[in-house]
Amino acid sequence: MKFSKIQVISCFFAFLPGVVLITRLIQGNLSANPIQEATILTGRTAVYLLLISLYCSPLFNFSKMSVFIPIRKTTGLFAFYYSLAHFFIFSVIDYQLNISWIKPEIQQKPFLQIGLIALLFLIPLAITSIQSIKRKIGKWWKRIHRLVYVLTSIVIIHISLASKGDIIDPLILLSIYTIAMALRGSFF
């Protein structure tokens, strides 16, 4: 598979938060609760990349610059990767993959249930981004990828509930999402 220059640049910028996290971890520069900080950083990076991917189609439709299409795919896939890292940190590093610890946490905290649903929504999006699968499913690809709009709203609900009373960040994310959806509506 050959990557375009813009995909290489997109990958570079998408890797940066992970590199920063690993560097800070190695240097011992994370907060007093490094697991929580790593969980928050990977989760936020995932949602930011997801929102960036939502802006690519309206930017393409407005500018007719095809450069936004590979950026959309790259940022969407990296949103999935950071979501997996987010889940991995929670389930493996924090809870040591101990189901007897994880299950009550998920049952008691609705934001964890919603986060898990969001991750499950991301899986078919990531799998169907593979070119050979995309060709095999044909017109269904577009229908499956429309799940990203529902998924993003679920992610914002997850963040709102996880924020424990902090409404500023969820409101900012909701505003960014609402603008993206309004831009999509104005171009289609």
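Is Lys109 buried, partly exposed or exposed? Lys109 is partly exposed, at 31% relative accessibility. The structure is a predicted model. The points below run from the overall fold to single residues.

1. **Fold.** The protein chain holds nine helices and zero strands. Read along the sequence, the pattern is α-α-α-α-α-α-α-α-α.

2. **Dimensions.** The C-alpha trace spans about 45 × 35 × 35 Å along its principal axes. The radius of gyration is 17 Å. A compact globule of 188 residues would come near 16 Å, so the chain agrees with that expectation.

3. **Burial and contacts.** Of the 188 residues, 38% count as buried. Take the contacts with a separation of 6 or more: 67% of them are between residues 24 or more positions apart.

4. **Largest pocket.** Its volume is about 930 Å³. The lining has 34 residues, and the closest to the pocket centre are Thr39, His86, Phe111, His158 and Ala162. Five helices each supply at least two lining residues: α2 (34-63), α3 (68-94), α4 (99-108), α5 (110-127) and α8 (147-162). Helix α2 gives the largest share, with nine residues. By type, the lining divides into 19 nonpolar, nine polar and six charged residues.

5. **Second largest pocket.** This one holds about 730 Å³ of space. Ser57, Arg72, Trp141, His145 and Val148 are the closest to its centre, out of 29 lining residues. Two or more lining residues come from each of α2, α3, α5, α6 (131-137), α7 (140-145) and α8. Here the largest share is from α3, with seven residues. The split by type is 15 nonpolar, eight polar and six charged.

6. **Salt bridges, overall.** Side chains of opposite charge can pair when their charged atoms come close. The model has three salt bridges. They are taken one at a time below.

7. **Arg24 and Glu37.** These two form a salt bridge, with the closest N and O atoms 2.6 Å apart. Arg24 sits in helix α1 (residues 5-27) and Glu37 in helix α2, so the pair ties together parts that are 13 residues apart in sequence. Arg24 has a relative accessible area of 28%, so the residue counts as partly exposed.

8. **Arg44 and Asp169.** Their side chains meet in a salt bridge at 3.3 Å, N to O. The pair links distant parts of the chain. Arg44 belongs to helix α2 and Asp169 to helix α9 (residues 168-187), 125 residues apart.

9. **Lys109 and Glu105.** This salt bridge has an N to O distance of 2.6 Å. Lys109, at 31% relative accessibility, counts as partly exposed. Glu105, at 15%, counts as buried. The reason is the cut-off: buried means under 20% relative accessible area.

10. **Thr74.** Thr74 lies in helix α3. At 6% relative accessibility, this residue counts as buried. Which residues does Thr74 contact, leaving aside neighbours within four places in sequence? They are Gln7, Ser10 and Cys11.

11. **Ile144.** Ile144 is in helix α7. Its relative accessible area is 22%, so Ile144 is partly exposed. Not counting residues up to four places away in sequence, Ile144 touches Pro124, Leu125, Thr128 and Ile137. For Leu125, the C-alpha to C-alpha distance from Ile144 is 6.8 Å, at a sequence separation of 19 residues.

Conventions: Residues are numbered from 1 along each chain as its sequence is written. This is a predicted model: local features need pLDDT of at least 70, side-chain atom pairs count only at pLDDT 80 or more; totals for chains, interfaces and linings use all residues. Side-chain values use heavy atoms; hydrogens and water are left out. On a 1 Å grid over the protein atoms alone, a cavity is a set of points where a 1.4 Å probe fits but cannot get out, and a pocket is an open set with protein on both sides within 12 Å along at least five of seven lines; lining residues have an atom within 4 Å of a point. Grid points are joined across faces, edges and corners, and a volume is the space filled by probe spheres set on the points. Helices (H or I, at least four residues) and strands (E, at least two) are DSSP runs, numbered from the N terminus. Ala, Val, Leu, Ile, Met, Phe, Trp, Tyr, Cys and Pro count as nonpolar, Asp, Glu, Lys and Arg as charged, and the others, Gly among them, as polar. A salt bridge is a side-chain nitrogen of Lys or Arg within 4 Å of a carboxyl oxygen of Asp or Glu. Buried means under 20% relative accessible area, exposed over 50%, partly exposed in between (1.4 Å probe, protein chains only). Contact means heavy atoms within 4.5 Å. The radius of gyration is taken over C-alpha atoms; the globule rule is 2.2 Å times the number of residues to the power 0.38.
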